[in-house]
Amino acid sequence: MAVLLDDGNLKLIDGFGNINSTTPIWQSFDNPTDTLLPGGKVSYNKITKTVRLLTCWKNSEDPAPGPFSIGLRPNGKEYIIKWNQSKQYWTTGEWNGRSFSFVPDMNIKTVYDYNFVDNENESSFTFSVTNPAIISRYTMDTTGQLKQLDWLDNAKQWNMFWAQPSQQCRVYAYCGAFGICNENPLPSCDCLPGFKHRSDEDWKLNDFSSGCVRETKLQCENNSTINRGRRDKFLVMHQMRLPENSEAVVKVGNVGECESACLSNCSCTAYAYESNSCSLWNSELLNLQQLSAQDGSGRTLYLKLAASEFSTPKENKGIVIDAVLGSVAVAVVLIGLIWLVIWRRRRRLVGTGKSTEGSLVAFTYKDLQNATKNFSVKLGGGGFGSVFKGTLSDSSVIAVKKLESISQGEKQFRTEVSTIGTIQHVNLVRLRGFCSEGNKKLLVYDYMPNGSLDAHLFEKEDAQVLDWKTRYQIALGTARGLAYLHEKCRDCIIHCDIKPENILLDAKLCPKVADFGLAKLMGRDFSRVLTTMRGTRGYLAPEWISGIAITAKADVYSYGMMLFEFVSGQRNSERSADGVTQFFPSWAAKVIVGGGDILGLLDPRLKRIADEEEVSRLCKIACWCIQDDENNRPSMGQVVQILEGVLPVYLPPLPRALQAFVDNQEHIVFFTESPSSNQTSEKNAKF
């Protein structure tokens, strides 16, 4: 009989035996197909030399084996994902005793326990869930990505915990032969120019493995007399990730000779020439990707196409126009309407001196001088420059940032600004336009009537004191904005300067992350900006000091330091009048790890009115975010899930930097409100 157990294992057993004691004739855990459930395993049997793999479906409707699979490297301690059992394109890295080195998400304390076994009989990986209410699974997806998914019962859908490779276009040959992958705006596949889908039905099911085929045969393949005498030509494709398996041609002096070498070979499909090196491809083109203009690794590919794919002036002369008089009449009417629309639009724009460029407005410097009354109302300033309030002719209120130390040329500046302008999210400040006239570089944003978060947290005059519920929602909204920058944009955008001054509040106190993307505009001067801006150094991750490459985890660190200020309502590190340093994160971490009075950490102005579980959750997240090793910090996507209650968060270890700070202090003074009075009392803490 067949028995489906509660753990998801389907067993075929002798009907007269006991379900648990009888050795099954067959069980699904030994044949995992594309899914690994808790208790199941992917393994390598060292005695029989058999490998237990996860292999994706062909597509969303066909469970036949697809091209992508993951299995253990023989005699190794790492798992690899392969295409067609031949090409390796991603690895977990080796097991280090608690996780795989290239899967940082496994380091985050969650409800999952991971186990890797390596003995004389086998090597295997399995996982379990400590909370039986949580349903989780690994799957080798049809996208070629390994995913960990959790079931959300309320939403009745699977929620992705993480996926690797994180970028879809990093999956080898995802778009098939002669297909091209593009991450912007969403991961997508398309055929190269001059090619069409080999199977329209497969492509409709997002199964691109069949790839593309030529629409017109090359001249050397075509026996027709129609194209006889016409040479094949090459389409120039810039900013490409070149396919692999090229053949190098040594004796080539220039690009013309490289082109001739490809033309003379009927099987040659493309060539590339760079630094006196000629590369030819004599088979199907696989793993092509269109890269962004900012990606420095882009190369130029010359794609061979039939001559008929290129239109010529002679071929365009045979156009016959019927009903000439009627067409002229229609044309006159259309031209008149178009002229009227353009005239009215230009008249409206002339009133404000604006011209449009894409979705942004290109202002003149004089426009912004008039809008800001010659920059008379200053809203704030920092290392990037000063911000002024202004009003356009349509009565909309704007914030104008005058950038300083921008050395970029006109074209590069407009390119970077256009990229920033395309990024829109409810928790990001919207860029409305810009000005670029010589060394005058300005950005125009929506005006935020409630100013920056620091004014509300640190008792600025006339600022509204934020209650706990509002603070928690601001923390969540800020996390969502950063997660969007890190994980949803075409290229990961690292903010590099997260602090309360860069979190703005709209009329409904909805948080908006400001100044994102400006680190790239500043270029080399950005390091100077970070060290000179007031308060910034209190949010800098240790990586900035050590000099190693900065990743998105630097923003996570800054976000964690800022969370402590959400709780306390004071700067993390301040020096009192008697010269004693106050460092709130050390106290908060000690209370969290040691199980102290959570509500005692709160801003005294809140009078202990807050959800204790939320305060504890926020402090735990903050401690995880400021871990010394960036691999131990969560991603911003995980922070969002924890704040939303989707993922649990466990007790964090005390970061070494906090412990070292505490050990070097004779005593640390903290100010908190006594529960029995409205007076402020002084607490001395020694750890």
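Visitor: Are Cys191 and Cys212 buried or exposed?
Guide: This is a predicted model, in which local features need pLDDT of at least 70, side-chain atom pairs count only at pLDDT 80 or more, and totals for chains, interfaces and linings use all residues. Residues are numbered from 1 along each chain as its sequence is written, and side-chain values use heavy atoms, with hydrogens and water left out. Buried means under 20% relative accessible area, exposed over 50%, and partly exposed in between (1.4 Å probe, protein chains only). By these cut-offs, Cys191 and Cys212 are both buried.

Visitor: How far apart are the sulfur atoms of Cys191 and Cys212?
Guide: A disulfide is a pair of cysteine sulfur atoms within 2.5 Å. The link of Cys191 and Cys212 is left-handed, with -85° about the S-S bond. Cys191 is in strand 17 and Cys212 in strand 19 (residues 212–214), which puts the partners 21 residues apart. The disulfide joins Cys191 to Cys212 with an S to S distance of 2.1 Å.

Visitor: Which residue forms a disulfide with Cys175?
Guide: The link of Cys175 is left-handed, with -80° about the S-S bond. It connects distant parts of the chain, from the loop between strand 15 and strand 16 (179–182) to strand 17 (residues 188–191), 14 residues apart. Cys175 counts as buried at 5% relative accessibility. Its sulfur lies 1.9 Å from that of its disulfide partner, Cys189.

Visitor: What is the torsion about the S-S bond of Cys262 and Cys268?
Guide: A disulfide joins Cys262 to Cys268, S to S 2.0 Å, and both residues are buried. The disulfide is left-handed because the torsion about its S-S bond is about -100°.

Visitor: In what order do the 4 strands of the open sheet lie?
Guide: Strands (E, at least two residues) and helices (H or I, at least four) are DSSP runs numbered from the N terminus, and two strands pair if DSSP finds at least two bridges between them. Strand 4 (35–36) and strand 15 (157–164) are the edge strands, each pairing on one side only. The pairing is antiparallel, and the order is 4-13-14-15.

Visitor: What is the bridge partner of Tyr138?
Guide: Strand 13 (residues 136–140) pairs with strand 14 (residues 146–152) in the antiparallel sense over 5 bridges. In strand 14, the bridge partner of Tyr138 is Gln148.

Visitor: How many salt bridges does a search of the whole structure find?
Guide: A salt bridge is a side-chain nitrogen of Lys or Arg within 4 Å of a carboxyl oxygen of Asp or Glu. Among them is the pair of Asp30 and Arg52, at 3.3 Å, N to O. Asp30 is partly exposed at 35% relative accessible area, whereas Arg52 counts as buried at 18%. The search finds a total of 20.

Visitor: How far apart in sequence are the parts tied together by Glu644 and Arg480?
Guide: Glu644 forms a salt bridge with Arg480, with the closest N and O atoms 2.9 Å apart. Glu644 lies in the loop between helix 14 and helix 15 (656–663) and Arg480 in helix 7 (residues 468–488), so the distance in sequence is 164 residues.

Visitor: Which residue does Arg608 meet in a salt bridge?
Guide: Arg608 counts as partly exposed at 33% relative accessibility. The N to O distance is 3.1 Å, and the partner is Asp597.

Visitor: Which backbone nitrogen does the side chain of Gln638 reach?
Guide: Gln638 lies in helix 14 (residues 636–643). At 2% relative accessibility, Gln638 counts as buried. Its side chain reaches, at 3.0 Å, the backbone nitrogen of Ser635.

Visitor: What accessible area do Leu4, Leu10, Leu12, Ile25 and Trp26 have together?
Guide: Patches are made of residues with over 30% relative accessible area and no salt bridge, joining like charges within 9 Å and nonpolar side chains (Val, Leu, Ile, Met, Phe, Trp, Tyr) within 5 Å. Accessible areas come from the Shrake-Rupley method with a 1.4 Å probe, and for residues only the protein chains shown count as cover. Leu10, in strand 2 (residues 10–12), is partly exposed at 34%. The nonpolar surface patch of Leu4, Leu10, Leu12, Ile25 and Trp26 has about 500 Å².

Notes
A polar contact is a pair of N or O atoms within 3.5 Å; within protein, one must be able to donate a hydrogen and the other to accept it, and residues adjacent in sequence count only if both atoms are side-chain atoms.
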